[in-house]
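Hi,

Here is the structure I promised to pass on. Have a look, and my notes follow below.

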Amino acid sequence: MQEILTSLSTYGYIILFLYTLGGGMVAIIAAGVLSYAGKMDLGVSIAVAAISNALGDTLLFYLSRYNKNMFMPYLKGHKRKLAYAHLLMKRHGDKVVFIQKFIYGLKTLIPIAIGLTKYPFYKFSVLNVISSILWAISLGVLSYLAGNFFMQISDYLGDHGYIMPSIMLCLLVVIYCFLQKITKKR
């Protein structure tokens with residue numbers, strides 16, 4: 001565990017920047033825990049995550065606005081999510097730019113969906129920067145505050161190596177049963 005923390009603290013900010021370009025909830029949470037452990041700085045982690053996340057979503061918006069033909073082949077498999085993103089935008093308007101940061105699975109599609117509409121680029125950019133800052137602060141600080149809990153779990157699982165494979169096996173069984181159930185409905 002110690003060698004993983006050392007390598008993450010060495011390259012952590014680069015990994016955090018690259019990972020939060022496309023979402024990165026796990027990365028900012030990990031950075032908060034590493035900040036609690038003293039391996040990273042919380043303020044720098046929050047700043048890196050906010051900047052990277054704002055850049056990533058703005059880039060997705062811009063590319064979908066001005067290169068629609070490039071995105072269309074990739075969106076064929078996500079028509080339901082795209083329609084849901086448009087529906088959210090119609091119902092909640094500007095709030096979706098804030099809310100989308102916390103919705104796993106729709107996080108990268110919503111800027112694309114908004115870019116396909118006539119939503120103003122400047123307005124999206126301003127709201128996106130503000131929401132990226134709030135997203136990074138909230139997840140970074142909450143994970144920092146929960147750092148002791150995460151470190152205790154990590155130490156416990158490190159001492160009891162047989163638990164994690166058991167948890168993963170149970171998780172795979174639950175996912176398999178869930179997929180079997182939803183495919184039978186169709």
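Which residues are buried in α8? They are Phe124, Ser125, Leu127, Asn128, Ser131, Ser132, Trp135, Ala136, Leu139, Gly140 and Ser143, where buried means under 20% relative accessible area, exposed over 50% and partly exposed in between (1.4 Å probe, protein chains only).

Before the rest, please keep in mind that this is a predicted model, with local features needing pLDDT of at least 70 and side-chain atom pairs counted only at pLDDT 80 or more, while totals for chains, interfaces and linings use all residues. Residues are numbered from 1 along each chain as its sequence is written, and side-chain values use heavy atoms, leaving out hydrogens and water.

Helices are DSSP runs of H or I with at least four residues, numbered from the N terminus. Helix α8 covers residues 121–145, and its 25 residues should span 36 Å at 1.5 Å a residue, which agrees with end C-alpha atoms 36 Å apart. The expected span is 1.5 Å times one less than the number of residues.

Now the rings. Searching the whole structure gives six aromatic pairs (ring centres of Phe, Tyr or Trp, the latter by its six-membered ring, within 6.5 Å; planes under 30 degrees apart are stacked, over 60 edge-to-face, the rest tilted). Phe61 and Phe124 are stacked, because their ring centres are 4.4 Å apart and their planes lie at 10°. Phe61 belongs to helix α3 (residues 42–66) and Phe124 to helix α8, so this pair ties together parts 63 residues apart in sequence. Phe61 is buried at 0% relative accessible area, and Phe124 is buried at 0% too.

Tyr62 and Phe121 form an edge-to-face pair, with centres 6.0 Å apart and planes at 65°. Tyr62 is partly exposed at 43%, and Phe121 is partly exposed at 31%.

Best wishes

Definitions and conventions:
Helices (H or I, at least four residues) and strands (E, at least two) are DSSP runs, numbered from the N terminus.
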